[in-house]
Amino acid sequence: MPLFDTYDIVFAGGGTAACIIAGRLAQADPSLKILVLEAGPHSFNLHNHVQPARYLNSLVQGHTVTLHNSVHSEALGGRSVSVPSGCCVGGGSAVNFMIYTRAAASDYDDWEKLGNSGWGSNSLIPLARKVETYQVPSDSPSAHGSTGPIKVSHGGHDTNIGKEFLTAAQYDQDRKISPSVDINDFQTTNVYGPLRARYIDSNTGKRSDVAHHFLYNLPNFSLDPNEGNNLHVLTNRRVVKVIFKDNRAIGVEYVAREDLNVESRLPPRIAYASRLVVLASGAFGSPAILERSGIGSARYLADADIRQIVDLPGVGENYNDHTLCVTQYLASEDSDCLDDIFNGDEEAIKPHLKKWQEEGSGLLAHNSVDAGVKLRPTPEELEELGPSFRQIWEEFYVGAPDKPVACLVPTAGDVQNSAPPGLKTFGIIFFMAYPRATGYTHISSPTNPWAPLKFDPKFLEDPADLSVLRWCYKHARELARRMKSFRGEIPTRHPKFCSKSSVSASIVRSASGPFAIDSPKIVYSKEDDRAIDEYIRATVGTTWHSLGTCAMKPREAGGVVDSRLNVYGVENLKIADMSIAPLNVGANTNNTALVIGERAFLLIAEDLGISLESETISHSLKNLSLCAHLNGN
């Protein structure tokens, strides 16, 4: 049970944004009584979280994510997709790939153009700098921070796979290669470069996440809520709904999973909040809490037998993600691959563990990704993408040269952990930066927060999305076959090209080495293209980047929160997580989640009357410096 009868602030969710806000508030005003209710367990110093290369144990196989299974879709060949979301203290930052990529500056400007003052790039980029300590030499140091809690480094090793990817990119005469380019300066696209920045502390080799750097490191913080300071974290508790009095949020109902046992069902418990309730349960959890509280579309609330108190049709709508595919290749025996670590071979992991414990380096201080490119098509490729994409290109991309159409990275190992045992492999991941797919997520139970959701991401329902991924597959394959470590293609991880396919398109099951850089490109027939499309439909999935389901935009446009994150139609209730993103971002979403946390902290602190004069001055100076840099001065 909570130690206090009433808290000042109650957070429903203990993910990325919540940890930042709660931690910073506790530091700014230690007298605040703060409660964080997290559906999952603590992640404090657990090896699956702090040892970077073990992230698949959490993300794919562990108990610190919640899996959301979609409806079956004709666009996916009749199958369902499973989308995990973080379910532990620290949320996605504790279980993700640790890939450091940042949105395009125009992404945030697009948010502001919807009427969200203070959410443009001039306001948010300084917060991206504030949150980090960038430990990587950079050609654009003014784009990065040097004093923030979250450490960003190259990790403990540079694999040959990343270096070979950049060498193989010489085949692409239309794009540049730079060993020193910073592709995370909010602007750069169409340049092959190293991805040496990861959410890993260079001094310790540990994952750098919000739980360890905003909560667990607070003075007097205790994992036991009966001890420590005024900030309490209750784990394995999921919020059912928000409690209102005269349209004002005054607390939340929550339950532990064991409370729902049929034989000993316990009533929900209540945590009261005198000043603010903050929903921070992510793109799936936050809209579900709103709906169980009576806030949402009349149609979906009626389906769940819930009385509506506020009509907000946008709740649970506008679901966005990045559609991802992976192709896998056999690698040479001398390759730096993480397959043994991903497979959980503890005997093989021992030397990596020793190096990590002693030096904070080696493959255990790695995530398998060393290089990448944010792709935009050439005029010739634009023709290949076809008419379904051309209008999108003209309307959305032409005026925003910082927006990639897709992101493509090599992996030193099989991140889907399905390669044949004992083999070394490398993969190529490619995902769309701004898919047309826009789905939904809605509740199926009025009272059970663990009940499965009604969820449809709408993957590949727009033909333009399929054409982009087909283009990416071809591009990725050309690169992979030219990498020095290439020893063949794993047939089950590629399209089933028919016997009438051209010789060049056929799967290469075994090879003594790579194709020459100047080898001719593969020629694909229409039948080959259909085989690629079938493969994509059968394998495309999430990039773990769910967002948008409580969008920050005008209420009449389907918005759920205003620019100060207040839920429309009620008082004393805010949302602060990736669900508030009104539009997608062309990057992995952790960096944006960090920025949302920092922005939400400033807004909440201002609402509570907490003085942040020094922070305001600091932000203003950083704004001026960055604006000058972006303008070339």
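Buried means under 20% relative accessible area, exposed over 50% and partly exposed in between, with a 1.4 Å probe and protein chains only. This is a predicted model, in which local features need pLDDT of at least 70 and side-chain atom pairs count only at pLDDT 80 or more, while totals for chains, interfaces and linings use all residues. Residues are numbered from 1 along each chain as its sequence is written, and side-chain values use heavy atoms, leaving out hydrogens and water.

**View 1. A18 in helix α1.**
A18 has its place in helix α1. Helices (H or I, at least four residues) and strands (E, at least two) are DSSP runs, numbered from the N terminus. The relative accessible area of A18 is 1%, so A18 is buried. Not counting residues up to four places away in sequence, A18 touches F11, G13 and A280; contact means heavy atoms within 4.5 Å. A18 and S281 are 263 residues apart in sequence, yet their C-alpha atoms are 8.6 Å apart in space.

**View 2. T16 in helix α1.**
T16 also has its place in helix α1. With a relative accessible area of 10%, T16 is buried. Leaving aside neighbours within four places in sequence, the contacts of T16 include G90, G91, G92 and S93. V210, N590, A593 and L594 are also in contact with T16.

Strand β1 (residues 6-12) runs parallel to β2 and is joined to it by four bridges. Two strands pair if DSSP finds at least two bridges between them. I9 stands opposite I34 in β2. From β1 the chain crosses through helix α1 (residues 16-28) to β2, and this β-α-β crossover is right-handed. Right-handed means that, with the strands pointing away from the viewer, the path from the first strand over the helix to the second runs clockwise. Four bridges also join β2 to strand β9 (residues 231-234), and these two strands run parallel. V36 has V233 in β9 as its bridge partner.

A pair of aromatic rings is described by the distance of the centres and the angle of the planes. Rings of Phe, Tyr and Trp (its six-membered ring) pair if their centres lie within 6.5 Å; planes under 30 degrees apart count as stacked, over 60 as edge-to-face and the rest as tilted. A search of the whole structure finds 25 aromatic pairs. In one of them, the ring centres of F284 and Y319 are 5.6 Å apart and the planes are at 45°, so the pair is tilted. F284 lies in helix α8 (residues 282-292) and Y319 in the loop between β14 (310-311) and β15 (324-331), so the pair ties together parts 35 residues apart in sequence. F284 is buried at a relative accessible area of 3%. Y319 counts as buried at 1% relative accessibility.

**View 3. The ring pair F497 and Y524.**
Here the ring centres of F497 and Y524 are 6.1 Å apart and the planes are at 40°, so this pair is tilted. F497 and Y524 both lie in the loop between β21 (486-489) and α15 (526-539), 27 residues apart. Both F497 and Y524 are buried.

**View 4. A ring cluster and two charges over rings.**
Ring pairs link F389, W393, F396, Y397 and Y434 into a cluster. A charge sits over a ring if NZ of Lys or CZ of Arg is within 6 Å of the ring centre and within 35 degrees of the ring normal. K33 lies over the face of F4, 4.7 Å from the ring centre. R481 lies over the face of F515, at 4.1 Å from the ring centre.

C498 counts as partly exposed, at 36% relative accessibility. C337 counts as buried, at 11% relative accessibility.

**View 5. A197 in a loop.**
A197 lies in the loop between β8 (191-194) and α7 (210-215). At 7% relative accessibility, A197 counts as buried. The C-alpha atoms of A197 and Y100 are separated by 5.7 Å, although these residues are 97 residues apart along the chain. Leaving aside neighbours within four places in sequence, A197 is in contact with Y100, Y134, V136, V152, S153 and H154.
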